[in-house]
Amino acid sequence: MAYATNSNDTTCRKGLLGLPITPRKAIRFERSRVQAEAAGWAPWSVRFWRCMGISFCVFSIVGHWMEIPYCLFNKYFFGIVEADSLVFADPMYPFLVYGIAAVLGALLLVPQRDWLKDHYPRWQATLRFFLLCMAAACAGEIIMGLLLNQPDPITGIYPLWDNSHLPFNVLGQAWLVNDFLLGIILTLYTWALYPALVKLVSKVPERWGWPVAVTTVVSFVALCVVKFA
């Protein structure tokens, strides 16, 4: 869509709320939309939601693979992961929580990443983003723990997880080691893995967009049927 660029042009267009948009503002708006699509955050775009479908499928598996070294670390240093854990038993078992996290990360974290990149040097933006993710992970653990993971008043057993005996625990619910590693994973995903996926998907010709997305989703559903049976 083309807009006049003459600064003397007083013609206005109407925005979504009926507010006037001058040609110059319209050009800036279009540029921001293009930049957002290139950055992988364009919820108004069908291509974006196709990418979300692919991202959910891919990272449900890749997230499992990323958890393997994480669990090996915890097993070696803290002895809190069982040797027969599903994490080690079947690397192709889908962990849907990571697929959901990938979609939510793209929707919620990418705008924060881009805002930080616009306001700080890259290393400062990355560090601030990491600290934000770590704080969010810690707060999430504490809130979920206080609501859902209270110890039994008689046995003292925690129903979901027990971090109370670990060093660096917070209120017996959150564990800073876990939050630190989650901060690294979220930062790695938002700054490297998701942009790589967006770049890869953007190279797919539009006529192949739906066939690729449908093939990926159908294959993933078939994998889930086999693994969850």
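Modeller: Let me start with Glu206, which is partly exposed, with a relative accessible area of 44%. Buried means under 20% relative accessible area, exposed over 50%, and partly exposed in between, using a 1.4 Å probe and protein chains only.

Biologist: What kind of model is this, and how are residues numbered?

Modeller: It is a predicted model, where local features need pLDDT of at least 70 and side-chain atom pairs count only at pLDDT 80 or more, while totals for chains, interfaces and linings use all residues. Residues are numbered from 1 along each chain as its sequence is written, and side-chain values use heavy atoms, with hydrogens and water left out.

Biologist: Back to Glu206. Which residue does Glu206 form a salt bridge with?

Modeller: Arg50 is the partner, and the closest N and O atoms are 3.2 Å apart. Glu206 sits in helix α7 (residues 206–228) and Arg50 in helix α2 (residues 46–78), so the pair ties together parts that are 156 residues apart in sequence. A salt bridge here is a side-chain nitrogen of Lys or Arg within 4 Å of a carboxyl oxygen of Asp or Glu. Helices (H or I, at least four residues) and strands (E, at least two) are DSSP runs, numbered from the N terminus.

Biologist: Is Arg50 buried or exposed?

Modeller: Buried, with a relative accessible area of 7%.

Biologist: How many salt bridges are there by that rule?

Modeller: Four. One of them joins Asp90 and Lys227, with the closest N and O atoms 3.0 Å apart. Asp90 is in the loop between α3 (86–89) and α4 (96–119), and Lys227 is in helix α7, so this pair ties together parts 137 residues apart in sequence. Lys227 is partly exposed, at 26% relative accessibility.

Biologist: What about Arg113?

Modeller: Arg113 pairs with Asp114, the closest N and O atoms being 2.9 Å apart. Arg113 is buried, at a relative accessible area of 4%. Elsewhere, salt bridges that share partners link Arg47, Arg50 and Glu206 into one network.

Biologist: Now a charge on its own. Where is Asp179?

Modeller: In helix α6 (residues 176–202). Asp179 is buried yet has no salt bridge. The nearest side chain of opposite charge is Arg128, 20 Å away. For this, Lys and Arg count as positive and Asp and Glu as negative, while His and the chain ends are not counted.

Biologist: What does Asp179 touch?

Modeller: Met134, Ala137, Cys138, Glu141 and Ala174, not counting residues up to four places away in sequence. Contact means heavy atoms within 4.5 Å.

Biologist: And Asn178, which residues is Asn178 in contact with?

Modeller: Tyr70 and Glu141, leaving aside neighbours within four places in sequence. Asn178 is also in helix α6. Asn178 counts as buried at 11% relative accessibility.

Biologist: Which residues make a nonpolar surface patch?

Modeller: Ile143, Met144, Leu147, Leu148 and Leu160, covering about 550 Å². Patch residues have over 30% relative accessible area and no salt bridge; like charges are joined within 9 Å, nonpolar side chains (Val, Leu, Ile, Met, Phe, Trp, Tyr) within 5 Å. Leu147 lies in helix α5 (residues 122–148). Leu147 is exposed, at 66% relative accessibility.

Biologist: And Trp65, what does Trp65 touch?

Modeller: Pro91 and Met92, not counting residues up to four places away in sequence. Trp65 lies in helix α2. At 42% relative accessibility, Trp65 is partly exposed. The C-alpha atoms of Trp65 and Phe95 are separated by 9.6 Å, and the two residues are 30 apart along the chain.

Biologist: Zoom out. How many helices and strands?

Modeller: Seven helices and four strands. Along the sequence the pattern reads β-β-α-α-α-α-α-β-β-α-α. Among contacts with a separation of 6 or more, 64% are between residues 24 or more positions apart.

Biologist: How much of the chain is buried?

Modeller: Of its 229 residues, 31% count as buried. The chain's accessible surface comes to about 14,400 Å², and 69% of that belongs to carbon and sulfur atoms. Accessible areas come from the Shrake-Rupley method with a 1.4 Å probe; for residues, only the protein chains shown count as cover.
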